[in-house]
Amino acid sequence: MKKLQLFINNEFSDSQSGKSFPDINPVTGEQIAEVTEATAADVDAAVRAAEQALHGPWGTMPVTERLALLRKVADGIEARFDEFLAAEIADTGKPRSLACSVDIPRGAANFRIFADLARSFATDCFETDTDDGEGALNYALRVPIGVVGVICPWNLPLLLMTWKVAPALAAGNTVVVKPSEETPATATLLAEVMREVGIPAGVYNVVHGFGPDSAGEALVQHPGVRAITFTGETRTGSAIMRNAAAQVKHLSFELGGKNPAIIFADADFDKAVAGTVRSVFSNCGQVCLCSERVYVERPLFERFVEALKLAAEKLKPGDPYDPDTTIGPLISQAHRDKVLSYYQLARAEGAQVITGGGVPEMEAPFANGSFVQPTIWTGLPESARCVKEEIFGPVCHIQPFDTEEEAIAMANATEYGLCAAVWTQNLSRGHRVAKKLETGIVWVNTWFLRDLRTPFGGVKMSGIGREGGIHSIQFYSEMRNICVKL
Ligand code: NAD
Ligand code: 6OD
């Protein structure tokens, strides 16, 4: 059985406690690796290694050299593309086509963009008057925060981990990464790349484990960790915030969502349908940006529901390596139980099930996989739990609307505010609506079209802060003002 170990100070190791847990392939339900579980003592060793690197080789390395090494990390991911692909697919079960076009290329791209960006931002400089007429110069330096704790989810493991690790390292910090317990493989593989390309010992450390009473909590509570960057569920974010409060750590949170898609009657019908199919069912609905609430202007409603139903029924679950497979499983049996409980609840809440609502029949070796049917509901009141709560599965509720104001009001009637998609050929309306939507991101006539320089993050319960471009560098650094009397 393959073993995934901790990576501390450039060494792979088991835990001092000897504890471990299984890594399960969600396509077959089979164990694919045994993962070392870090204790608080292991986390402490990782943080100490990161502190040493910060004050040693990484902290003193010329910036151009540091950024050149990060470009080599990108090259290293690309050189081992097929290994990253296999590891990500084995952990998540996502179709090869998706991992090939999104997850692994973004792992490399994240290092390149932040290596480029970290050189090119300006800081403040003021000439200050003084009584003696000689004046003073005030200028600001951007300095690293210190050791950054990176806590990751399972849905886009390499993409979301490198989205944080790359800017943190580019800004001169060192990191201790806690991958999701469901998807430990690519963070471990990245450790090999880091070592191969010459990233100094202690700069990148990986501690596997769970959240409460395990590696995640130990990392948040460690006094040597100055910032926590976290992507995951909103209630986990709250727990982390509570634990980080005592030491007043910097926090960046990308949290849950219940994202709306609004389709106006003047939308390009085929593009709106295709875009909504992507936004509801990509990665089996396990993207924080997925649309779970779809609002369609009444003249288009019946036709749109029918078109989405046909598209959902064409999605084919199965072997991730089969080019015909277009939808993978959920991440685990536990998550499948959660999603299926919403499928049941929707019926109790009065939903009309347009398609799906159960589990597909799968043959061996996929019969024990965590597959569920893509599902569409209509007819629920806006107060229904299935319309209010994040489900994180391949499912949406479609609701008709009559006016722009009504659509905006329904879209905003949620505690979340991550993103929205608006479909209309009237770009004035697209802009007007986008301005009124209470979300951090709005896509007009597209979905998940990314430019890594742009601010990414949510409002309300969907997050704190923005990452992306200069915003990441701002989070992963602090300003030190220096006043020189002339
Ligand atoms: P999760 O919150 O259950 O776990 C995320 C990570 O936090 C895991 O590594 C877990 O071990 C760790 N963790 C759990 N409890 C902890 C604690 N008390 N202290 C420290 N660490 C702890 O999330 P998940 O199930 O892995 O991911 C799905 C969720 O993530 C969804 O809610 C989704 O919307 C959200 N998400 C948001 C974004 C975004 O950009 N806003 C992106 C991806 C996923
Ligand atoms: O594309 C990104 O940079 C990003 N943070 C995506 C988040 C997806 C959530 O599941």
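A residue counts as near a molecule if one of its heavy atoms lies within 4 Å of it. The model is predicted.

**Exercise 1.** Describe the shell around ligand 1 and state where ligand 1 sits.

*Solution.* 
1. Find the neighbours. 30 residues surround ligand 1; the closest are Lys178, Glu181, Thr236, Leu255 and Glu390.
2. Sort them by class. The shell has 16 nonpolar, 8 polar and 6 charged residues.
3. Trace the elements. Helix H8 (215–221), strand S11 (225–231) and helix H9 (234–245) each supply at least two shell residues. H8 gives the largest share, 3 residues.
4. Check polar contacts. An oxygen atom of ligand 1 lies 2.8 Å from a polar side-chain atom of Trp154. For Glu233, a polar backbone atom is 2.9 Å from an oxygen atom of the ligand.
5. Alone, ligand 1 exposes 860 Å², and the protein buries 93% of that.
6. Ligand 1 sits in the largest pocket.

**Exercise 2.** Work out how ligand 2 is held between protein parts: which residues, which contacts, which domains?

*Solution.* 
1. List the shell. 13 residues surround ligand 2, and Arg106, Asn155, Trp163, Cys288 and Arg450 are the closest.
2. Inspect the arginines. Oxygen atoms of ligand 2 lie 2.8 Å from a polar side-chain atom of Arg106 and 2.7 Å from a side-chain N or O atom of Arg450.
3. Ligand 2 alone exposes 310 Å², of which the protein buries 100%.
4. Assign domains. Domain 1 (2–255 + 461–485) and domain 2 (259–451) each contribute at least three shell residues.
5. The space taken by ligand 2 is the largest cavity.

Technical notes
Residues are numbered from 1 along each chain as its sequence is written. Chains are lettered from A and ligands numbered from 1 in the order in which they are written. This is a predicted model: local features need pLDDT of at least 70, side-chain atom pairs count only at pLDDT 80 or more; totals for chains, interfaces and linings use all residues. Side-chain values use heavy atoms; hydrogens and water are left out. A polar contact is a pair of N or O atoms within 3.5 Å; within protein, one must be able to donate a hydrogen and the other to accept it, and residues adjacent in sequence count only if both atoms are side-chain atoms. Accessible areas come from the Shrake-Rupley method with a 1.4 Å probe; for residues, only the protein chains shown count as cover. On a 1 Å grid over the protein atoms alone, a cavity is a set of points where a 1.4 Å probe fits but cannot get out, and a pocket is an open set with protein on both sides within 12 Å along at least five of seven lines; lining residues have an atom within 4 Å of a point. A molecule sits in a cavity or pocket if more than half of its atoms lie within 2 Å of its grid points. Domain bounds come from an automatic or database domain assignment. Helices (H or I, at least four residues) and strands (E, at least two) are DSSP runs, numbered from the N terminus. Ala, Val, Leu, Ile, Met, Phe, Trp, Tyr, Cys and Pro count as nonpolar, Asp, Glu, Lys and Arg as charged, and the others, Gly among them, as polar.
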